[in-house]
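Please keep the sequence and the model side by side as you read.

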Amino acid sequence: MDAIPARPARIQDVAAAAGVSVSTVSNVLNRPERVNARTAARVRDAVAALDYVPHPGAAGLRTGHSSSIGLVLPDVANSFYSRIARGAAEAAYDHGYSLVLCHSGDAPEREQGYFTMLVQQRAVGVVVVPLGADPGRLTRLRERGIPLVLADREMPDRDGCSVSVDDVAGGRIAVQHLLDRGALDVLVVNGERGIRQCADRYQGARQAVRSRRGARLDQVVAEEMTVAYGAKIADQLDDLPGGVFCTNDFLAAGLCRGLTERGVRIPEDVQVVGYGDLDIASFGATTLTTVRQPVEELGRAAVEMLLDEIEARAEHTHETRVFAPALVVRDSTRPPADA
């Protein structure tokens, strides 16, 4: 067994000492029938060695009137957000909690209304996935007095926990890929500048272009980040660039469809990179090269961080966790020269 830590032991310390997951420790303490006898004995030994005492507030919440976590999403129909929900739901289930799904439409008043309901229903905490949130809006949510974790948006750890993807790096690797394929004239099809993720992806694209002599970057801002609007932009392009980086896969899929209908060949005439690696990226005659985000991991990590705050309370330290994106190469860009 590991040595007893100087601070009061947390459930994570027990899990590490016993060589099991946090959810297994939780099951041994609250639902022992789910764990085999040998594993349960190892966990109980770790509990005794570490002098671990479950936080009474968290234990009361788990065995009292509510064991639910709120998840506030701006668009439940969007596959990106549904994948966050899937990861969050799996983590909540592993810890014996239910997940309450709230569709905010990214409207501040609806968020406030959901928070009021969740407080009234004694939810243990909330994971919020904002779209165009401003700092004051997030501050008002935290002032409701319920533990909160921000997902898909970075927040200073002094203000609370957050989990996000490095979108600057994502934009950079997307455009770097186009440059490496010989497309020195690159167009970014972006969303509204007020959306932080769009701004970060464009910043990464600019970084890639600045590092390549002779490269040029242009930008078109889409009013809606949809397949239909991507097709509309494709129809309006007069001078075709060598490469196009769309800051989400819906725009990229629509752009590819619109260009193909015009007789433009992809990737021979124009190379296209999307963002997100959503289901739509793998469909169609031309599959999308795209930037993959660990979306389910975002949801799972957000719930894990929320439960750590509930479990540890005074011992909890806010954390800003940032995941790295990765490029997935498919039909919409040229294969490597040595392929």
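On the face of α3 turned away from its buried side sit the exposed residues A37, R38 and A48; exposed means over 50% relative accessible area, buried under 20%, and partly exposed in between, with a 1.4 Å probe and protein chains only. This is a predicted model, where local features need pLDDT of at least 70, side-chain atom pairs count only at pLDDT 80 or more, and totals for chains, interfaces and linings use all residues. Residues are numbered from 1 along each chain as its sequence is written, and side-chain values use heavy atoms, leaving out hydrogens and water.

The buried residues of α3 are T39, A40, V43, A46, V47 and L50. They lie on the same side of α3 because they cover an arc of only 120° around the axis. These buried residues pack against α1 (11-18) and α2 (22-30).

Now to the ends of the helix. At the start of α3, a side-chain oxygen of N36 comes to within 3.2 Å of the backbone nitrogen of R38. After α3 comes D51, with a positive phi near 55°.

What about the cysteines? Searching the whole structure for disulfides (pairs of cysteine sulfur atoms within 2.5 Å) turns up zero. C246 is in no disulfide, and its nearest cysteine sulfur, that of C256, is 7.1 Å away.

| Residue | Relative accessible area |
|---|---|
| C102 | 3%, buried |
| C246 | 0%, buried |

Methods
Helix = DSSP H or I, 4+ residues; strand = E, 2+ residues; numbered from the N terminus. Arc of directions from axis to C-beta. Contact = heavy atoms within 4.5 Å. Polar contact = N/O pair within 3.5 Å; in protein donor to acceptor, adjacent residues only side chain to side chain.
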